Amino acid sequence: MSSLAAHPVLALARKDLSRLFASPLAYLLLALFYLALGALFLHLLGGLRSQVQALATQALQSGAAPPVADLPASLLEAFVQALASLLLFVVPLLAVGLFAYEGRQGTLELLLTSPLTPGHLVAGKFLAGWVVLLCLLAPALALCLLTQVWSQPGLAWPAALLPPAGLLLLATAMLALTLFPAALTDSRVLAAVLSFVMLAVLWLAASLPEIQSAGLAQLLRFVSLPRHFDDFARGVFDTRHLVYYLSLSGLGLALSSLAVTSRRWRN
Amino acid sequence: MIQARRLNKLYGRKKAIEDLSLRVEKGEVVGLLGPDGAGKTTAMRILAGFFPPTSGTVKVAGYDLLRQPRIAKSRLGYLPQQPPLYAHMRVDDYLRFVDAVQGGAAKPLARRLEEVKAQCRLSHLGSRLIGRLSQGNQRRLGLAQALIHDPEVLILDEPTEGLDPPHVAELRELIAGLAEDRAVLVSTHILPEADSLCRRVLILHCGRLIAQGSPRELRALLGRGALIEMQVEGPVESLPGRLKSLSGVRNAMLEESVGQGRLLLVEAQAGRDVRAAAARTVIESGCALLELRSRDASLEDIFLHLTTEDRLEPPGHAADGGAKGESEVIR
């Protein structure tokens, strides 16, 4: 147990987590984020109920059969889709915060003159960021599961787990990708802008105006972040989406390791 | 213990380090001296593995820093100019973290932690937040992090920078003690520090090694004799010329006014005592001799002599490492 705790990757992650959670501001922001999540969930629930009631009233007045609405599934889909859009702004800020302060405080000199490899350094930062994302999304995951438990009739178990699992996979891939610009430069603003632009391009890739080349259009659809998320949000599992997110995470981590290596040579 | 051969570092076309070779053995404290911009920090960072040289090799405890970086770096403790501290951590947690990152050492961590804290006089501060430590204690903690994994080689970049005089003396004593079973390379621009702490000094100027040896050897190599300081009053303008014509006088110059009269500096050739002749010349010139003092050339005098552009001839080639006891002025 003690040798595991002394593993450099775990030591790095623990150090970053202790920094992130050292300030009362972190808890305040977390609380505000949780409140926003709750408010979003209630807003979507209220909206869907009104919509279903309106449709039912309309059906009664017209003498038609009441519409069949899968309210829990629609609620979960709308909720995780809204959260996925929120991640576009949250993840770059988190990733940049993980790297930028090392350069600012001069502690990067300690890390780069230690026997740590760039892979260790990136893995430690990624692990810390992932734990923070898990903390941020924990209430959302809990709300998804409660929706399943309280729904009558409930969703099938695997289908109920897929929207939160997809959200976590999407967040993981986004974090790994945004560590790359964060590791590339000490400038927080530049790293945040690069991260956001990179995610925005991947987000909007499939919805770009008419692309003449069929090959290019197919490629853009393939790299589109939300397109692979849609099935998860609907509770549909497809191995291709899982492979896509895992590959994207691997690519992000590999690029980030290269960025750390390049810092040594650029100095 | 640490050996660098023909290191070069280019920033674009600018040569930050040129053909630098050095060697530091176990039991030695070697000082790297040089004015601001001489390339000391660049050299220290290359030797610590922060970035690679453009060309050349570094070996730490026999391991090549570029080819076997993990094992070479595990044998090395490095204190950068700005101690690499995390303000939010507590002293003990920080040292445990550094130990994990450095890969630990043979002795149990708990024992090493207590030993290093005792060495660096931090024993009572284990649970204190680093951000709340005084500057002196932060410097000590910087040194403790370089020692926690019991390295064979220590590289310390300006370790006493910004400390109060009592803390400076304490830290120097500690560094001298550390060299008993380690090779220690210290960069400094505080010349009395190098004079008192280092067995050998390497003088770096514009990225080039221009001299190396013990302070005593450098004095002898440069042929620097005693310096005579005379406080004189009267028609002093012709005195430097008259003094320079005396046998055994290497140089003479008038300095700024000091209180009553002017300060006249006379540099004797090595092994020559020119005090009587110089005093006689001053009196015969019709000047009053208010005070006469003699002192050996300090490391500061040597340093100034070597690094003042108009006195320095273009260097030829750098020496290929300097073992203990070797000394030379490289021109």
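In this predicted model, 5 bridges join β1(B) to strand β4 (residues 55-60) of chain B, and the two strands run antiparallel. They belong to an open sheet of 4 strands in chain B, ordered β2-β1-β4-β5, with antiparallel pairing. Chain B has 11 helices and 15 strands, while chain A has 11 helices and 0 strands. The contact between the chains takes 20 residues from chain A and 21 residues from chain B.

- In β4(B), B:Val58 is the bridge partner of B:Ala4.
- Strand β1 (residues 2-11) of chain B also pairs with β2(B), in the antiparallel sense and over 7 bridges.
- B:Gln3 has B:Arg23, in β2(B), standing opposite.
- β4(B) is joined to β5(B) by 2 bridges, and these strands run antiparallel.
- Opposite B:Val60 stands B:Tyr63, a residue of β5(B).
- The hairpin of β4(B) and β5(B) has 2 residues between the strands, and B:Ala61 takes a positive phi near 50 degrees in this hairpin.
- The sheet ends at the edge strands β2 (14-24) and β5 (63-64) of chain B, each of which pairs on one side only.

**Nonpolar cores**

- The largest nonpolar core has 142 residues, of which A:Leu170, B:Leu47 and B:Ile155 touch the most other members.
- Helix α7 (residues 157-184) of chain A gives this core its largest share, 16 residues.
- Setting aside residues up to four places away in sequence, B:Leu47 touches B:Ile2, B:Ala4, B:Val58, B:Ile155 and B:Leu185.
- Two of these neighbours, B:Ala4 and B:Val58, are also the bridge partners noted for the sheet.
- A second core, separate and of 15 residues, includes B:Met230, B:Val236, B:Val266 and B:Ala278.
- In soluble globular proteins, nonpolar side chains tend to be buried together.

**The side of chain B that touches chain A**

- On chain B, α2 (69-74) and α3 (91-102) each supply at least two residues of the side that touches chain A.
- α3(B) provides the largest share of that side, 4 residues.
- By class, the side of chain B that touches chain A consists of 12 nonpolar, 7 polar and 2 charged residues.

**Chain A and its helix α10**

- Along the sequence, chain A reads α-α-α-α-α-α-α-α-α-α-α.
- Taken along the principal axes, the C-alpha atoms of chain A fill a box of roughly 75 × 50 × 35 Å.
- Helix α10 (residues 225-233) of chain A has buried residues at A:Leu225, A:His228, A:Phe229, A:Phe232 and A:Ala233.
- An α-helix has 3.6 residues a turn, so residues three or four places apart point the same way.

**B:Lys107**

- B:Lys107 is placed in the loop between α3 and α4 (109-119) of chain B.
- B:Lys107 counts as exposed because it has 12 other C-beta atoms within 10 Å, and a residue with 12 or fewer is exposed.
- Leaving aside neighbours within four places in sequence, the contacts of B:Lys107 are B:Arg112 and B:Asp150.
- B:Leu243 lies 136 residues from B:Lys107 along the chain, and 64 Å separate their C-alpha atoms.

**Burial and contact range by chain**

- Chain A has 267 residues, of which 37% count as buried.
- Chain B has 331 residues, of which 43% count as buried.
- In chain A, 75% of the contacts between residues at least 6 apart in sequence join residues at least 24 apart.
- In chain B, 71% of the contacts between residues at least 6 apart in sequence join residues at least 24 apart.

Key
Residues numbered from 1 in each chain as written. Chains lettered and ligands numbered in written order. Predicted model: local features only at pLDDT ≥ 70, side-chain atom pairs only at ≥ 80, totals over all residues. Contact = placed C-beta atoms within 7 Å. Nonpolar A, V, L, I, M, F, W, Y, C, P; charged D, E, K, R; others polar. Pairing = 2+ DSSP bridges. Core = buried A, V, L, I, M, F, W, Y, C linked by C-beta atoms within 7 Å. Buried ≥ 20, exposed ≤ 12 C-beta atoms within 10 Å, placed from the backbone.
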